[in-house]
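Please look at how the side chains pack in the protein shown below. The text that follows goes through its aromatic rings and its nonpolar cores.

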Amino acid sequence: MKLIVLSDIHLTVEGRPIIGINPSERLDLALAHAGRHHPDAARYVLLGDLAHLGQNRAYRALAGRMNALGKPFTPMLGNHDNRENFRKAFPDAPDDGAGFVQSYLDTATDRLIFLDTLHPEATPHHSGHLCAARLGWLERALNGAGGRRISVFMHHPPLAVGFPGMDAIALANPADFWAIAKGKIAHLFCGHVHRTISGQTHGAGFSIFKSPAHQMPMDMTSADSALSVAEPGAYGIILLNDDAIIAHSEDFTLNLASESDPASA
Ligand SMILES: [Fe+2]
């Protein structure tokens with residue numbers, strides 16, 4: 001099964017730019033590129049930070065785009081999102097029974113678990129949190145997987161990745177998460193950092209995806225969590241094969257030009 005991942009879309013209204021980048025244009029380019037190159041994708045996963053300022057109009061614009069694709073998609077929340085406004089535009093979005101946007105999806109071989117780490121009252125602001133209700137739901141989803149290989153999708157990484165500014169606003173209670181999840185997860189997929197990062201933690205592989213819009217600069221000293229750089233926009237491609245889980249990153253803004261050049265193949 002192939003999944004397309006759009007993380008940190010940060011949609012604004014009226015094309016308002018972020019460091020000179022129009023997130024709306026980037027979303028359109030990403031969807032067009034993915035549609036051309038990956039018509040066999042089974043699902044799109046929107047890995048949180050859907051709307052930069054959590055505005056109704058941004059969610060409505062995103063919903064219009066995604067509904068027009070005609071593909072299944074799983075919208076998730078990040079620290080920039082507003083759960084109430086999101087639900088108005090995505091009334092069919094998952095609900096774990098406690099109001100959180102959490103769900104799981106089973107294939108014959110895999111269980112994909114989608115978590116909601118948005119906590120508007122988080123300290124520090126913009127960090128993520130999994131409360132007892134969400135952790136309880138996660139524990140049931142993990143224990144009910146029936147032997148399937150488990151992948152977990154969550155906006156905030158439950159680990160520090162080496163960027164002091166972003167590490168300060170990662171998931172605020174990673175120990176609570178790992179107390180439940182350790183040894184049960186094959187792979188973890190996160191957003192939030194706006195950078196391609198991979199590795200392994202607590203026995204699980206992990207992949208973090210870039211944004212279609214602005215990226216995190218390679219600065220491992222700054223404590224600023226708002227650093228942004230106009231490196232190429234990207235989306236992720238996940239292959240869930242029988243013998244491996246594979247994560248690709250497609251810098252689609254680099255490849256737009258080469259697509260029109262037949263000699264570049
Ligand atoms: Fe973001």
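**Rings and cores**

Ring pairs join Y59, F73, F86 and F90 into a cluster. Rings of Phe, Tyr and Trp (its six-membered ring) pair if their centres lie within 6.5 Å; planes under 30 degrees apart are stacked, over 60 edge-to-face, and the rest tilted. The model is predicted: local features need pLDDT of at least 70 and side-chain atom pairs pLDDT 80 or more, while totals for chains, interfaces and linings use all residues. Residues are numbered from 1 along each chain as its sequence is written, and side-chain values use heavy atoms, leaving out hydrogens and water.

A search of the whole structure finds nine aromatic pairs. In one of them, the ring centres of Y59 and F86 are 6.0 Å apart and the planes are at 80°, so this pair is edge-to-face. Y59 has 0% relative accessibility and therefore counts as buried (under 20% relative accessible area, with a 1.4 Å probe and protein chains only). F86, also at 0%, counts as buried.

Next come the nonpolar cores. Such a core is a set of buried Ala, Val, Leu, Ile, Met, Phe, Trp, Tyr and Cys residues joined through side-chain atoms within 4.5 Å. The largest has 31 residues, of which I113, L115, L138, V152, M154 and F177 touch the most other members. Apart from this core lies another, of 30 residues, and Y59 is among them, as are L11, A63 and M66.

Which residues does V152 contact, leaving aside its neighbours within four places in sequence? They are I113, L115, F177, I185, H187, L188 and F189, where contact means heavy atoms within 4.5 Å.

How values were computed. Buried means under 20% relative accessible area, exposed over 50%, partly exposed in between (1.4 Å probe, protein chains only).
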